[in-house]
Amino acid sequence: MDSFEVSTDSECSVVDITDRVEDLIPADADGRVTVFSEHTTAGVTVNEAESRLLSDFETALDELVPDAGWAHDEIDDNADSHIRSLLIGPEVTVPVADGSLQLGTWQSVLFVECDGPRRRRVRVVV
């Protein structure tokens, strides 16, 4: 198992981490890789990494989940971030062949920050 850090500079950010994941896969690996966010207010997904679409994802998450009015906000005022990350999920599993991710033409591995700006750890298990 390996890991790397992702830094974000806004509350909601979508970051393409495909190259960083692929760098941790041994050249002879076949099977699958799991990419896991060890944080309850961030997630990992697979989708297209086109810049306008990444911005649309951020906007959609903001619009889908209101910022205020949640019971958990009495503790640390970030229930919206937990709920947004719940919609995304903490991990993805991607097939690997000959040391390369077997993603579709437009697919990328995306890290989604919901409570930034932060430095986060992403685990990669081959």
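Here, Ala, Val, Leu, Ile, Met, Phe, Trp, Tyr, Cys and Pro count as nonpolar, Asp, Glu, Lys and Arg as charged, and the others, Gly among them, as polar. Keep that in mind for the first view, and remember that everything shown is a predicted model.

**View 1. A look into the largest pocket, which holds about 160 Å³ of space.** Who lines it? The lining is made up of Val 14, Thr 45, Asn 47, Phe 57, Ala 60, Leu 61, Leu 64, Leu 87, Ile 88, Leu 110 and Val 112. Sort these residues by type and you get nine nonpolar, two polar and no charged. Which element gives the largest share of the lining? That's H2, with four residues.

**View 2. Five strands side by side in an open sheet.** Read across the sheet and the order is E1-E8-E3-E5-E6, with antiparallel pairing. As a reminder, strands of a sheet pair through backbone hydrogen bonds, either parallel or antiparallel. Which strands stand at the edges? They are E1 (2–7) and E6, and each has a single partner strand, so one side of each has no neighbour in the sheet.

**View 3. Zooming in on the pair E5 and E6.** These two strands run antiparallel to each other and are paired over two bridges. Look for Val 96: opposite this residue stands Leu 101, in E6.

**View 4. Asp 98, in the loop between strand E5 (91–97) and strand E6 (100–101).** Most residues other than glycine have a negative phi. Asp 98 isn't a glycine, yet its phi is positive, about 50°. Is Asp 98 buried or exposed? With a relative accessible area of 62%, Asp 98 is exposed.

**View 5. Asp 77, in a loop between two helices.** The helices on either side of this loop are H3 (73–76) and H4 (79–88). Asp 77 also has a positive phi, about 55°, although it is not a glycine. What is its relative accessible area? The value is 56%, and since exposed means over 50%, Asp 77 counts as exposed.

**View 6. A cis peptide bond between Gly 116 and Pro 117.** Most peptide bonds are trans. Here, though, the bond joining Gly 116 and Pro 117 is cis, with omega about 0°.

Terms used: Residues numbered from 1 in each chain as written. Predicted model: local features only at pLDDT ≥ 70, side-chain atom pairs only at ≥ 80, totals over all residues. Heavy atoms only, no water. Buried < 20%, exposed > 50% of the residue type's maximum accessible area, 1.4 Å probe, protein only. Pairing = 2+ DSSP bridges. 1 Å grid on protein atoms, 1.4 Å probe; cavity = no way out; pocket = protein on both sides within 12 Å on 5 of 7 lines; lining within 4 Å. Points joined across faces, edges and corners; volume = space filled by probe spheres on them.
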